[in-house]
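Please read them with the structure open.

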There are 2 protein chains.
Amino acid sequence: MKIPEPPVLSRAHVHSTDITPLLAALRQIHPLTTGVETFLRTHITSYPVRKRKLLLKEGAPCEHIYFIVKGALRGFIREGHKDITTWINTEGHLISSIFSLDQGGPGVENIQALENGELLMMSYRDLETLYEEFPETNVLARKLLQHYYADAERRAFIVRLTKAENKYRHFLLHHQHLSNRIPLKYIASFLGMTLETLSRVRKKFSSKL
Amino acid sequence: MKIPEPPVLSRAHVHSTDITPLLAALRQIHPLTTGVETFLRTHITSYPVRKRKLLLKEGAPCEHIYFIVKGALRGFIREGHKDITTWINTEGHLISSIFSLDQGGPGVENIQALENGELLMMSYRDLETLYEEFPETNVLARKLLQHYYADAERRAFIVRLTKAENKYRHFLLHHQHLSNRIPLKYIASFLGMTLETLSRVRKKFSSKL
């Protein structure tokens, strides 16, 4: 029996990664042309992660940008043996290392999965091609960077505040969705306070409700 | 005696603001077309500032982006009566409020001159026109935002570190030019330590040299 030839498929058909959630998130920022959508569909791969997986290790350059379809991840830096959480992100967010994105080299940041999850991944090389082939994506990237940079400043303000109550109030204002999902030791570190202080403040806040 | 009529000048000639230092800084990031240069020359005004002048007050939207030709400025937020310095910038840097730039609305940030100085100023409205009329400036803006966002993360890392020696080491690594120029009370606040701790750490570091 003759085995039939496989049908000739375009690259877009070979790639079956569902990038719908990413497209929806990007369209909220700036319209996408068909060309851009096709490029994204053919250059993005699905990347499942297990809880505790290290996506990036300090001293190594980050070479990909990720979109969280499902799960939660954190960035952290080290000070001696101390591990300091710098950000926590969940579904619908892009993550990468801004140091590698800016300079191409390694940074001091680690990225770790806090839950089993599903990411979408694109290489920086393909991202550069996207900017060159579809210059309008620079508008999208500018708007996204403005947004993420403002978020980063908000996170920095939380750490700069000195009173634990003020830190927690700001956390609830901008990150309430993390409050009952992420282990408290990471939230305490993210807020720049001890676990004991966080527990005390949470008790105080919940008794006020 | 008849007074001669003034010669008819194009807008570019009427505007005599010298934007050379800004053009040089931008060209290091991305090439500028003649059209972009002409737009910048005709939409930027010189803005002298006196020491202690508040350029932006919390609760008010920022409506301009500034370039520091000469001088030093700081961003700060308030926690009760406490004033917390979030950044310090000098010659050659762009400054604005990332919150206003992102959302158009007011932020929690104040901007203040630490020295008499000279700024260049462009309105957000003109900046939007620049992006629309010269789409290639979105590439420049993307690269600038990547760079300033990475800087902001570096500043946030300093505050997240818990040991004063580590904070000061990072400060010297990225901000040494501020060390003997800016009053120590602002540097201490920027590093998230008391003036006494900063003085102690500086003494320790200078005795090592």
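**Notes on the predicted dimer model**

1. Contact between the chains. In this predicted model, 41 residues of chain B are in contact with 41 residues of chain A. Together the two chains bury about 3800 Å², and 62% of that lies on carbon and sulfur atoms. R142(B), Y149(B) and R160(B) supply 21% of the area that chain B buries against chain A, more than any other three residues.

2. Polar side of the interface. Between chain B and chain A, 18 residue pairs are in polar contact, both residues at pLDDT 80 or more. On chain B, the side that touches chain A takes at least two residues from each of β4 (72-79), β5 (82-90), α4 (98-103), α5 (124-133), α6 (137-160) and α8 (184-191). The most come from α6(B), with 19 residues. By type, the residues on that side of chain B are 20 nonpolar, 9 polar and 12 charged.

3. Salt bridges across the interface. The rule finds 2 of them between chain B and chain A. One salt bridge joins the side chains of R155(A) and E153(B), at 3.5 Å from N to O.

4. Symmetry. What relates the two chains? A rotation of 180° with 0.0 Å of shift along its axis superposes chain B on chain A, with an RMSD of 0.0 Å. That is the relation of a two-fold axis. Among the residues of chain B, R142(B) comes closest to the rotation axis, with its C-alpha at 2.3 Å. R142(B) is also one of the three residues named above for buried area. Of the interface residues of chain B, 100% are also interface residues in chain A, so the copies meet through the same surface.

5. Q146(A) sits in helix α6 of chain A. Is Q146(A) buried or exposed? At 6% relative accessibility, Q146(A) counts as buried, the cut-off being under 20%. Its side chain reaches the backbone oxygen of L101(B) at 3.4 Å. Setting aside neighbours within four places in sequence, the contacts of Q146(A) are I98(B), L101(B), D102(B) and L145(B).

6. Helix α8(B). Of the 8 residues of α8(B), 6 are buried, so this helix is largely enclosed by the rest of the structure. The buried ones are Y186(B), I187(B), A188(B), S189(B), F190(B) and L191(B). Their cover includes α6 (137-160) of chain A, together with β4, β5, α6, α7 (164-175) and α9 (195-208) of chain B. Just after the helix, G192(B) takes a positive phi of about 70°.

7. The chain A fold. Chain A has 9 helices and 8 strands. Its C-alpha trace spans about 70 × 45 × 40 Å along the principal axes. Of its 209 residues, 52% count as buried. Among contacts in chain A with a separation of 6 or more, 70% are between residues 24 or more positions apart.

8. Backbone points to check. Most residues other than glycine have a negative phi. Phi of R52(A) is near 80°, a positive value. R52(A) lies in the loop between β1 (45-49) and β2 (54-56) of chain A, and counts as exposed at 60% relative accessibility. In chain B, phi of R52(B) is also near 80°. R52(B) is found in the loop between β1 (45-49) and β2 (54-56) of that chain, and counts as exposed at 59% relative accessibility.

9. Salt bridges over all chains. The count comes to 20. E37(A) and R27(A) meet in one of them, at 2.8 Å from N to O. This pair links helix α3 (residues 34-43) and helix α2 (residues 20-27) of chain A, with E37(A) in α3 and R27(A) in α2, 10 residues apart. E37(A) counts as buried at 16% relative accessibility, whereas R27(A) is partly exposed at 41%.

10. A second pair in chain A. The side chains of R78(A) and E58(A) form a salt bridge at 3.0 Å, N to O. R78(A) lies in strand β4 and E58(A) in the loop between β2 and β3 (64-70), so the pair ties together parts 20 residues apart in sequence. R78(A) is partly exposed at 42% relative accessibility, and E58(A) is partly exposed at 33%.

11. Within helix α3 of chain B. R41(B) and E37(B) meet in a salt bridge at 3.5 Å, N to O. These residues are 4 apart in the helix, separated by about one helical turn. R41(B) is partly exposed at 33% relative accessibility, while E37(B) is buried at 16%. In chain A, salt bridges that share partners join R27(A), E37(A) and R41(A) into one network.

Definitions and conventions
Residues are numbered from 1 along each chain as its sequence is written. Chains are lettered from A and ligands numbered from 1 in the order in which they are written. Side-chain values use heavy atoms; hydrogens and water are left out. Contact means heavy atoms within 4.5 Å. Buried area is the accessible area (1.4 Å probe) that two parts lose on being put together, summed over both. A salt bridge is a side-chain nitrogen of Lys or Arg within 4 Å of a carboxyl oxygen of Asp or Glu. A polar contact is a pair of N or O atoms within 3.5 Å; within protein, one must be able to donate a hydrogen and the other to accept it, and residues adjacent in sequence count only if both atoms are side-chain atoms. Ala, Val, Leu, Ile, Met, Phe, Trp, Tyr, Cys and Pro count as nonpolar, Asp, Glu, Lys and Arg as charged, and the others, Gly among them, as polar. Copies are superposed by least squares on the C-alpha atoms of residues with pLDDT of at least 70 in both. Buried means under 20% relative accessible area, exposed over 50%, partly exposed in between (1.4 Å probe, protein chains only).
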